[in-house]
Amino acid sequence: MDEFDLITRCFASMDVRRHDVHLGIGDDGAVTRMAGAAADLVLVTDTLVAGVHFPPDTPAAALGHRALAVNLSDIAAMGAAPAWALLALTLPTADPRWLDDFAGGFAALAGEHDVALIGGDTTSGPTLTITVTLIGQAQRDIVLTRQGAAPGDAVCVTGTIGDAAAGLALLQKPGAADTGIDRAAADWLEQRFLYPTPRVTAGQALAGQVRAAIDISDGLLGDAHKLATASHVDITLEASALPCSPALLAWTGDRTQAEQVALSGGDDYELLFTLPEQLHGAIDTLAQRCAVPITRIGRVCAVRAGAAPGASAVRDGRPLALDTAGYRHFR
Ligand SMILES: [Mg+2]
């Protein structure tokens with residue numbers, strides 16, 4: 001039983017039916033709608049566990065940033081504006097210097113996005129565990145979900161893909177930096193893992209424009225698969241179109257290898273979305289409003305008769321054999 005089976009089996013059916021739940025379990029965030037309110041509330045939560053989500057020696061400031069960033073990324077994937085955060089911390093020891101650094105990393109990113117920390121919980125426990133719950137607001141009926149992708153849509157991503165996976169590999173095996181890549185490129189890749197950039201501005205610019213969106217946390221192909229399943233469509237990604245950074249290309253030393261990292265690595269926190277045909281010519285304008293480069297990397301097709309929906313990757317028309325599962329806990 002992996003984490004998604006567990007949710008379906010135990011929690012998805014627990015849903016008490018309330019009229020103010022507009023969108024429940026199964027997307028990047030939930031949406032609630034209060035009678036008479038001008039905006040919907042968007043609620044997300046994410047946990048980081050030492051040794052599972054980050055190496056145990058990760059700097060405290062990076063963890064403070066990252067704990068909020070991964071939640072901001074889910075808020076971005078819903079096209080919402082972040083507003084309020086709750087922080088639950090489980091600490092093996094209360095080291096004041098560590099806590100100052102952690103709080104500094106969290107506060108810097110919270111300030112950038114006008115997020116107020118309004119509560120939480122602090123406990124002692126054997127493993128450093130950080131849970132953030134973030135609440136945002138979205139204009140009624142323009143919230144972005146994983147549903148709604150339609151045949152003919154273009155599949156697009158923000159930024160570059162695969163850098164965080166390379167950065168994590170470098171952090172875990174410092175010797176790997178000696179494989180021809182210079183220190184500046186290695187540092188840049190490591191920073192992409194330690195200090196991900198949540199695409200909050202982009203998410204709000206895309207809301208109301210694009211058909212479906214998800215943030216890339218578990219791996220591009222796996223997350224494309226989740227979007228395809230939620231929208232009941234097929235997604236085909238063209239590997240040669242993937243935006244790979246010069247640093248990633250330098251690290252792998254080979255374009256095809258970089259594409260593999262981009263397809264299956266995780267932790268990018270870029271946005272993947274599908275664009276209706278009438279907007280295919282407007283990608284540059286959209287990228288300007290999003291303040292981040294956007295690359296068209298694939299297409300949405302109807303599901304073949306009798307087949308299940310899903311995502312696959314091709315290179316120059318030839319299918320690539322890759323796992324679409326992405327990262328799963330308990331597997
Ligand atoms: Mg997400």
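How many cavities of 30 Å³ or more does the structure hold? In this predicted model, the structure holds one such cavity, and the space within the largest cavity amounts to about 40 Å³. Its lining is formed by Thr 160, Asp 163, Ala 164, Arg 192, Asp 267, Asp 268 and Glu 270; by residue class, five of the lining residues are charged, one is polar and one is nonpolar.

The largest nonpolar core comprises 56 residues, of which Val 42, Ile 130, Phe 273 and Leu 275 touch the most other members. Helix 2, spanning residues 60-77, gives the most to this core, contributing 10 residues. When residues up to four places away in sequence are left out of the count, Val 42 is in contact with Ala 30, Val 31, Ile 75, Met 78, Ala 80, Leu 134, Ile 135, Gly 136, Ala 138 and Val 143. Another core, of 36 residues, lies apart from the largest one and includes Val 155, Ala 165, Leu 170 and Val 300.

Val 155, one of the members of this other core, also takes part in strand pairing, with Gly 298 in strand 11 as its bridge partner. Strand 7 (residues 154-158) and strand 11 (residues 294-301) run antiparallel and are joined by five bridges. Strand 11 is likewise paired with strand 9 (residues 234-238), in the antiparallel sense and over four bridges, and within this strand 11 the bridge partner of Thr 236 is Arg 299.

Key
Residues numbered from 1 in each chain as written. Predicted model: local features only at pLDDT ≥ 70, side-chain atom pairs only at ≥ 80, totals over all residues. Heavy atoms only, no water. Core = buried A, V, L, I, M, F, W, Y, C linked by side-chain atoms within 4.5 Å. Buried < 20%, exposed > 50% of the residue type's maximum accessible area, 1.4 Å probe, protein only. Helix = DSSP H or I, 4+ residues; strand = E, 2+ residues; numbered from the N terminus. Contact = heavy atoms within 4.5 Å. Pairing = 2+ DSSP bridges. 1 Å grid on protein atoms, 1.4 Å probe; cavity = no way out; pocket = protein on both sides within 12 Å on 5 of 7 lines; lining within 4 Å. Points joined across faces, edges and corners; volume = space filled by probe spheres on them. Nonpolar A, V, L, I, M, F, W, Y, C, P; charged D, E, K, R; others polar.
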